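Hi everyone, thanks for coming. Please have a look at the sequence and the model on the screen, and then I'll walk you through a few spots.

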Amino acid sequence: MLLTVDVGNTNITLGLFKGEKVFATFRITTQMARTSDEYGSLIAEIIARKGIDIKNIDDVIISSVVPKVMYSLNSGIIKYFGFHPIVVGVGTKTGIKINRTDPREVGSDRIVDVVAAYEIYGGPCIVIDFGTATTYDLIGPHGTFDAGVTSPGIRICAKALWNETAKLPEVEIKKPDSILGKDTISSMQAGIVYGYIGQTEYIIDKMKKESGLENLKVIATGGMGRIIYENTDRIDVYDNELTLQGMRIIYEKNRK
């Protein structure tokens, strides 16, 4: 059984694989101050509480965009699971050529998404990850990572709205019945959700036009991705397991 550990700015998502299928997923908050014992014991306890014997875990792979947690997390995995995890980074085999000015600048989260999108859905395509930041990455027809766009995530935009204004309240992020808001709450929801749908559609259209790849497939993932996917015709597939599958695929390429 393979354990995948996706360390994001807000949450750490754990995935357990039996073969190519996700068997179970878990989520904990990303905290800088945890020790190796806290990380190791917490992960082991969460898995055990689901009735899974951690002795059945054969290996671990980590993808992280938060360097400050890596020493404790890596040490905790070694201490509680008994082996050194594979960490996605420079030198990791991915099967993807990165056509960027400095390939080392590309975060491992984007790399695993690109790998999964190309291996599962083929190229050319755009893969969008609606996370703390929203990333739009262009994959060429032969598996090249050609370009990317980075924007503030929908939650960041929403928090800025109510944190930087004196009278606007915190609201649930959901699509209202109409864009014509009749009260403060619905008008804020309309601005947040419809505004983000508009941003998403414009960026997709602009990337298609400038790349000359008008017929490419668009794949979305990430926590807030479903609400956008359900309200636009620009996204072809929503795959909430894309990042975990990308880590599994990279593990298979590197385990020897």
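Let me start with a term: a polar contact is a pair of N or O atoms within 3.5 Å; within protein, one must be able to donate a hydrogen and the other to accept it, and residues adjacent in sequence count only if both atoms are side-chain atoms. What you see is a predicted model, where local features need pLDDT of at least 70 and side-chain atom pairs count only at pLDDT 80 or more, while totals for chains, interfaces and linings use all residues. Residues are numbered from 1 along each chain as its sequence is written, and side-chain values use heavy atoms, with hydrogens and water left out.

Now to Thr200, in helix 5 (residues 184–211); helices are DSSP runs of H or I with at least four residues, strands are E runs with at least two, and both are numbered from the N terminus. The side chains of Thr200 and Tyr136 make a polar contact of 3.5 Å. Is Thr200 buried or exposed? Thr200 is buried, because its relative accessible area is 1%, and buried means under 20%, exposed over 50%, partly exposed in between (1.4 Å probe, protein chains only). Not counting residues up to four places away in sequence, Thr200 touches Ile128, Phe130, Tyr136, Ile228 and Ile235; contact here means heavy atoms within 4.5 Å.

Next comes Thr232, in the loop between helix 6 (225–229) and strand 11 (237–238). Thr232 counts as buried because its relative accessibility is 12%. Which side chain does the side chain of Thr232 join in a polar contact of 2.7 Å? That partner is Glu201. The Thr232 side chain also reaches the backbone nitrogen of Arg234, at 3.1 Å.

For another setting, take Thr25 in strand 3 (residues 21–29). Thr25 counts as partly exposed because its relative accessibility is 46%. Leaving aside neighbours within four places in sequence, Thr25 is in contact with Leu14, Gly15 and Leu244.

Finally, strand 4 (residues 59–64): six of its six residues are buried. Asp59, Ile61 and Ser63 point one way, and Val60, Ile62 and Ser64 the other way. Strand 4 pairs in the parallel sense with strand 1 (residues 2–7) over six bridges; two strands pair if DSSP finds at least two bridges between them. Within that strand, Ser64 is the bridge partner of Val7. Strand 4 also pairs with strand 5 (residues 86–87), again parallel, over two bridges, and Ile61 stands opposite Ile86 there.
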